[in-house]
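Reader: Good morning. I would like to go through this model with you, beginning with the overall fold and then turning to the packing.

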Amino acid sequence: RPVDANIPYSVGYPNRDNNNGPRANVNVRQIGDTDVQGLIVAFLALAAADHLITFLVGIFAKDTFKKWVLVYSANPLRWIEYSASAAVMTVLIAALSGVYDVHLQYLIGIGTSICQLLGMAIEFLPKSLVVPKGSKYSTEHHIDGLSIPMGYTLNEIT
């Protein structure tokens, strides 16, 4: 038997019935609930669909797959799937963490989706603009880019 893990979501709006001028109490009312199990299934289904589509493109459109993955070093299908599944995941995490306001949940999901689509845009940039001079295109430039903030963080901890 599945666990009943529905989490309420609500909307807050100012109640100006008490005529306190511009100040008002915030009324919160429940307008539904977040289906935790449904969101988990949606997240996994999106990832499975992405893997299936990528596999089918690799089998039936080998030239297209080779051009995007090997020549351009990009995989737009991955970022499109990430934009949907990461949004679902962050809304789920927010709901489980106590974020019940539906407007905030929408903002979290939309912001995450936009972030993933910007990752796709960066991946489409020519590698000469993204990779530091003298560096091979590998994880080396990611580690170099993280070394400064990590250094500040470790310096503050010690």
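Author: This is a predicted model. In the protein, among contacts between residues at least 6 apart in sequence, 58% join residues at least 24 apart.

Reader: Which elements does the protein have, and in what order do they run from the N terminus on?

Author: The order is β-β-α-α-α-α-α-α. That comes to two strands and six helices.

Reader: What percentage of the residues of the protein count as buried?

Author: The protein has 158 residues, and 23% of them count as buried.

Reader: Let us turn to the packing. At what angle do helix 1 and helix 3 pack?

Author: The angle is about 170°, and the axes lie 10 Å apart. Helix 1 covers residues 36-60, and helix 3 covers residues 76-96. Because angles over 145 degrees count as roughly antiparallel, helix 1 is roughly antiparallel to helix 3.

Reader: Is the crossing of helix 1 and helix 3 left-handed or right-handed?

Author: The crossing of these two helices is left-handed. The residues of the contact of helix 1 with helix 3 comprise 14 nonpolar, two polar and three charged.

Reader: Which residues in helix 1 and helix 3 meet?

Author: On the helix 1 side they include Leu39, Phe43, Asp50 and Val57. On the helix 3 side, Arg78, Glu81, Val88 and Leu92 are among them.

Reader: Which residues make up the largest nonpolar core?

Author: This core has six residues: Ile7, Val36, Leu39, Val88, Leu92 and Ala95. Helix 1 and helix 3 each supply at least two residues of it, and helix 3 gives the most, with three.

Reader: And helix 4: how far apart are the axes of helix 3 and helix 4?

Author: Their axes are 8 Å apart, and the angle is about 155°. Helix 4 spans residues 102-124. The angle makes helix 3 roughly antiparallel to helix 4.

Reader: Left-handed or right-handed, for the crossing of helix 3 and helix 4?

Author: The crossing of helix 3 and helix 4 is right-handed. By class, their contact has 13 nonpolar, eight polar and two charged residues.

Reader: Which residues in helix 3 meet helix 4?

Author: Trp79, Tyr82, Ala87 and Ala95 are among those in helix 3. The residues in helix 4 include Gly109, Gln116, Met120 and Phe124. Ala95 also belongs to the largest nonpolar core, and Arg78 of helix 3 meets residues in helix 1 as well as in helix 4.

How values were computed:
Residues numbered from 1 in each chain as written. Predicted model: local features only at pLDDT ≥ 70, side-chain atom pairs only at ≥ 80, totals over all residues. Heavy atoms only, no water. Axes fitted to C-alpha atoms, helices over the stretch in contact; angles between N-to-C directions. Helix = DSSP H or I, 4+ residues; strand = E, 2+ residues; numbered from the N terminus. Parallel < 35°, antiparallel > 145°, perpendicular 65-115°, else oblique. Left-handed = near helix turned anticlockwise from the far one by under 90°. Contact = heavy atoms within 4.5 Å. Nonpolar A, V, L, I, M, F, W, Y, C, P; charged D, E, K, R; others polar. Core = buried A, V, L, I, M, F, W, Y, C linked by side-chain atoms within 4.5 Å. Buried < 20%, exposed > 50% of the residue type's maximum accessible area, 1.4 Å probe, protein only.
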